[in-house]
Structures are given as structure tokens and as C-alpha cells.
Amino acid sequence: MSAFSRLMASAALGAAVLAAGLPAAMAETPPNMLVIANRIDDITSLDPAESFEFSGADVIRNMYLKLVNLDPMDMSAGYQPEIAESWDVSEDGRTVTFNIRSGLSFASGNPVTADDVVYSLRRAVLLNKTPSFILTQFGFTAENVEETITGADGTVSITTDKPYAISFVLNCLTATIGAIVDSKLVMEHEADGDMGNTWLKTNSAGGGAYTLAAWQPNENVTLNANPGFYKGEPAMKRVIVRHVQESASQRLMLERGDIDVARNLNPEDIAGISGEEGIRIDEELGGQLMYLSFNQDNPELAKPEVREAMKYLIDYAGMADSFLKGQWAVQQNFLPLTFLGAVDENPFSLDIEKAKALLAEAGVPEGFTIEAGVREAQERIEIAQSFQNALAQVGIKLDITVGTAAQILGRYRARDLDVYVGTWGPDYPDPHTNASTFAWNPDNSVEAGATGILAWRNAWDPGALTAQVDAAVIENDTEKRVEMYHEIQAEFRDTSPFAILFQQARQTAVRDNVENLNLGDAISSAAYWPVTK
Amino acid sequence: MPRTATTGGRLPAPLAGFLGRALATAGSLAVTVLGLLFVTFIIGRVMPIDPVLAVVGERGSPEVYAAAREALGLDEPLPVQFWYYLREVAQGDFGTSLLTARPVVDDIARVFPATLELATLGVLIGVLFGVPLGVLAAINRGRWIDQVARLVALVGYSMPIFWLGLIGLLVFYGILGWVGGPGRLDVFYDGLVPSVTGMILVDSALAGDWMVFGNALSHIILPASLLGYFSLAYISRMTRSFMLEALSAEYITTARVKGMSEWRVVWVHAFRNIRVQLLTVIVLSYANLLEGSVLTEIIFSWPGIGFYITNALLAADMNAVLGGTVVVGTIFIILNMLSDLLYKVFDPRAR
């Protein structure tokens, strides 16, 4: 018996000694390496013609050059020359000719030429992947790219179907899909006429600040600095983005110094880590909006007074100050702040009496029952519950259906939900991205099947707003264009079946030696090349 | 006249018997895997989830959506889809994962070794501590050590793994710094040793890189201990109960009356007789761990098969789900067969 006791004791001691003798985590990451913890399980492809996820956009922004690009050190300046050193617009406003900068090269050593630009833009149209609409909305099709996207003698011309505002065209070219690929390298990896898509999903062929060293799904993305980057080799020679799902795990890793940046801390961990020595909280507005929408196929929700009443049955401030604290800020307009044309008028607040009066006016003082679809994300469920409480006070019963993203989204796209608690992020840094989905719906019929348009998903015909949105996108006078978006948003705010609730307020915890990290604000993605430590 | 392989062209009886058993085993394995595939496939297709959305995302236009649907073969009738799938699987092709853009076979070759490494260490810890604890508890029935063992098992059964994992991280990684943090290695060690088996401990040992080995060990020790603790809870309780039964047998009393040492009574007479049952318990624990522990993998950022399959399931990435299920199912079946085989080796009555 005593032998057993000895056995147990020595086993326990052995384990303790072993654990104590193991190398403890390093206190600091190397000075030329940036280590970021982030949730990167959304990446499904790193081909810029296909990638359409947040984490993928972060990676691609650092690997590719574009005709025009945003400067992470001065985001408010808007698009700046990059591969294009200048551009001219034809008299009819339909053709933009870019003068290609000479002396640029890809990471492979191949020079960046007009042919690469033409190949990349045509390729994005021809591959016809999800983000292709950002280019095809200009009238480019598989049939006409040979004529509409052309290059000659160091210039590239694109000819659009309408004379769009030049700001709109150039803003779209700063999106991920505007990335220019090394055509020689990509074509070497072409298989079965896929224009190198299969290869480029997991490799890089750009001329940006970094090249892809490895992408292991759900594990990490590793980038190596490109010594030939035209702005000079970045200070961070290696950037590692590690997939860490849990906020608490990210926090511990940051506190231990195993990572430099923790991107997904929840409000509790942000509060807990604030003020700790060596750690700083960076705040910037993100582009995501949180909204509630009301399906106009439901006869009760289609009444204008009911739509308005709904907007008074939301405790905007209550939510922003409690469970959403620091992560979302009240914004009741469809353009996120910092976007061209954004407004910050937020006229609605929780007002039960006013809602009751509106419901009586609509002829439904006794209330009704509706169903809300919510993805299984904690904050969305809490928003639905808060809304449910307010509705209960006016006799409206809200049944909340919680499901996976794919389940709920499938029903939303099929116009099968009365109420949807959703988020929306801009596709490219131009006001048209949100205007064209919230306030534009030229054919509201079921047959149109315009599942990509939020107004259609809610069976809403925006009436005159559709034409106003069309007019704003071809207005070349920027001041006038801004004014047009102000008007569209005012009308939308009052009459639409959307209650825009919040704009993302990004809180990122970083080691305080990390400088110049811009995560893209509301209009772009993360940029690692200016970072120093 | 003795029969030989050369006379009459017949196989010798033991070889024929072995081949027959092997064929029967392979046949039963194939039928089980086929059944598993069929059920998983059907569940995947009738789930109210649209796999095309996983590819094209929320913003895809109807044209892009239709093209992706066709590329995935979803426009074909269900039986045709299943037939195509089986044909590819028979050629060792589990298709491409929608979420990772790579062949499912490659994905599994990457994530399964991570789980295998963790589960193996976990079950070793479970056995190393669980069996002695169970034996101790049995021979000290009702005394303090038995109560402690019961408490350990109770905590193991009832404590949420999520909470225990985070507390473990906080104490041993965050405060004491004794172990490595989430992930399989510190970033500086990533890619330093060539991947042979995919199990970093094994690969680094093969490469003779003890720095990497030490770092990998510092990362795996906490999640493996956590999983080991949960196996320990089960193994120690079962060991205790088996031992109690064995120790109350008449031959034990006889052995004690004959003046045999307590050590010999416990280990040689009682423990030998519970080996068979215990083995089944251990194999079951191991099989459970090999399915992957999603919560442990999430907390410790461990890129294992549990997280892989769960993620795939949520996005209706059915190639990945089916591939993962086949691997886990096959492992389960093989371990069960192994357990049966060992049963026969240890217990002459079962032969």
C-alpha cells in the first residue's frame, strides 16, 4: 500500500518538476516581427478576384498593389496614385485612361506592366466570382472585356457603360478585387483554363509589401516582407496572424507578450486589460452596420406607421451603453461615419407612448405576432431580446428563431423572415456600396430574385429612391454628390423598413511598442507595412 | 496425410482461417463506412443549410450563385450526387473543402495528427494517473483516499471543460508561465522541423531538434492534461469498480489466507483479472478523444479534427464533414476491433 502512495507522490512530483522545467513563453516577440491574434477562419481563398472575407482582405491588402490605393497613414485623403501615376477622363466621361508608373516590379522580379493591369481586371470579370459585381457594375462583361479594358504603351483604359462619377470608379478600384496580379506568374500556374484561380487561392503573386509564406486554415497566415516593395522594405520582416478563437485566450497571450495585437477582445476583456502596463487600446470606427429589417410581405409590417413605430421600440442608447459597450456606437443612417456623404443625425430613441400612438393610427393597437431570425451570435441574440422586451410592452409578440449563419441567411434571402437582425459591411469604399443595397431595388418582384439586395430581401420597393441612387452615382460634382446622399438617407431613415442601429467601433488591444497600425477604418483593411516597434 | 498448401491447391487451415477473418473484418469495415457515409451524406443534404452560400457568400449575384451550384454538382438529383461522391471516394478523393480551398485529404492529413498527438498524450495521462488512483481507491474503500478519488472523478465529470481550460491557461500560462500558450508552438518555432508525421513531438524528436520538442511539449502539456483529467475521471471510477469486484472474489481471500503479499494479491491476482474490462474502457476513452474535443481545441487554438468538422458542418462544407466523419468512424471501428482482439488475447474464454 505504501508503495502505491509513493508511486502516486512521485508521479505528481515528476509532473510538477517537468512542468517547471519546461521553457516558459517568451516575454516579447522579436523586434522585426508582428504577431497578431485574430479570428481567421473566414478565409476561403486568397485570390483577389475571389476573396470576399474580412480576414482575406487584410492579407491581400498587404500583398498586392492596385492602380489607386488608400494611404493607411492618411485615410481621409481618399484614393491616391499607386500603379497609376495619373489618369485622364474622356469628354463623354465613360473612359478613364491610367498612365502606368514605370520601374515598379512584382515580388517575383517581373516588372509591373500595363499588360498585368489589363490581365488582372479582365481576369476578375471573367472568373465571375462573388466580388466580380464590383467591376461588372460598370458594364464589363465576359463578352466585352476585350474592348472595355485595354492597354497600350504604358497606359490602361477602361470604358464604362455610363459616365459614372470618377470618385465612384476609383473608389471601387481600391477594393480587394482591384489588386493587380503578376500575369506571367499566374499564367504559369493555370490549370484547366482556371486563370490560375486554384493556385492563387493559396499563393500570392503581387508586388505589395509582403508575400505569402503560408496559410494554414484555422491556424495561421504568415507573410514575409518583400524587399523590393516600392515604398521600401517594411520594418516588420515577418507578420504572423494566428487564429485564436477565444477572447480570453487572446488576452492572456497579449499579457504574456506572445502576441503584439489582439483583435477580438470582448468588452469584458477590453475593460479588464485597459490600463495594464505595456498595453494600449486602439479605437477606430469600422464599416460594419447593425440593423433590424422588416419584411414588407408581412401586411402588418408593410404599414408605414408600423414601420415608424418599430423605430421607436428600440433601446439604442440602452444597448450601446450596456452589452455593446465600446464595440458598437449608435448610427441610424446607412452610410457609416467617415464615408463620403455620411451623416450623424440619429433622431430615434425608445419611446413606447409614441409607438403605441403610431400602432393605433395603423389600426393595430392590440398588436400582432412576428418572427425574427437571428444568427447564433451573442450580441445579436441580446439585441433581439431587447427588441422583444420593448415590443411586448405594446402587445407585439416577437418569436426569436436562432440558427447558424447559413440557416438564417438562407431564409432571409428567400424573404422568409418577418424581422432580421443583421450586420452589413461596405463592399468598397464608396457610398454607392450601401446606397445600392439599402435604398435601391429596381424590380421588387419575386421573379427578379435579387437576393444580393437588402431592399429586395425585405420585399421593399424604395420608389423614387432607386432613381435618386442612380443619379448620385453618376454625379461628378463631389459636393453635389454628398448632398444627394444626405437627402437619400434622410428619406430612407424616415420611411424605409430598416432600422439602422449601430456602427462598429473597433477596439484593438496592442502592446504599446507597436506603432502605426491601421486596421482600415470604416473603408478598408489592415495595413502592416507602416508598422514599427 | 497432412494437408499442405501444395497439395490440392488449398491453403493451410490457419492461413485460410486468418484470411477468412481478415476478409470478414474488411467487409464489415466497408459496410460500416458505407453506412456512415450514406447517413452523413443524407443528413448533409437535408439540413436546412445552403452550401453554395459558403462559397459565394452573402453578396454573390444570382449568376455567380448558379455557377457555383453547378460547379458543386448540387443541381444533380441526390442519388446521382451520392454515386458521384462514392466513385471519387473509391479513388481516394474526398473532394475539395469549400472553407479551406484544399483537398479534404490534405486537410485531414494536417488536422488529424494534431488531434492524434493530443489524444494520445491525454489518454496516457488518464491511464497513468487514473488506473493507480482507481486501484488505490478500491483497496482503501471508504477511507480518505477513496473519498479523494471519488471527488476527483466527480469534479472531472461535472466541471465544464471550457471553464477548467481557461482557468488552467490563466494559472499555468498567464500567471506562472510554466507552460506555452494557445497553439501548438510559439510562432518562432513554426516550420523549423520538417513535417513527417504531422505530430510535432514526434517530428521534432525525429529531427533531433529538442528546442522545438520542448516548446511543443510546453504547449501540449496543458490541453493534454485537461483531456487526460477527463479520461482519468472515467478510468479511475471504472478501475475502482472492477477492482472492488475482483477483490471480493473467493480466490483473493484464498490468496490472502495463503499469506501472499498484498502487492502480489492486488497486482498479480486481482489486477490481472480486470485487464480485459479495463482495456475496453481505455480504448473507448481514447476513441472519444480522437473524435476531437471541440471546446479544448477552441480554447487552446489547437487545429484539430473536432474544430475542423464542426466548422465545416456549420457552413455545410459537406466534403469536409464527410471526409472527417469517415476518418473518425474508421478509427472508432478499428479501435473497437483492436479491443476485441486484445480481449481474445487476454481472456482465453473469449477465444
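Author: Two residues are in contact if their C-beta atoms, placed from the backbone, lie within 7 Å. The model is predicted, with local features needing pLDDT of at least 70 and side-chain atom pairs counting only at pLDDT 80 or more, while totals for chains, interfaces and linings use all residues. Residues are numbered from 1 along each chain as its sequence is written, and chains are lettered from A and ligands numbered from 1 in the order in which they are written.

Reader: Which residues does Leu313(A) touch, if those up to four places away in sequence are not counted?

Author: With residues up to four places away in sequence set aside, Leu313(A) still has contacts with two alanines, Ala355(A) and Ala390(A).

Reader: How many residues does domain 3 of chain A bring to the contact with domain 1 of chain A?

Author: The domain assignment, automatic or from a database, gives chain A domain 1 (1-63 + 208-278 + 512-533), domain 2 (64-185) and domain 3 (286-506). Taken over C-alpha atoms, the centres of domain 1 and domain 3 of chain A are separated by 35 Å. In the contact, domain 1 of chain A takes part with seven residues, and domain 3 of chain A with twelve residues.

Reader: Which element supplies the largest share of the side of chain A that touches chain B?

Author: Between the chains, 51 residues of chain A are in contact with 57 residues of chain B. On the chain A side, at least two residues each come from α1 (2-21), β12 (238-243), α9 (247-256) and α15 (405-413), where helices (H or I, at least four residues) and strands (E, at least two) are DSSP runs numbered from the N terminus. The largest share, seven residues, is supplied by α1(A).
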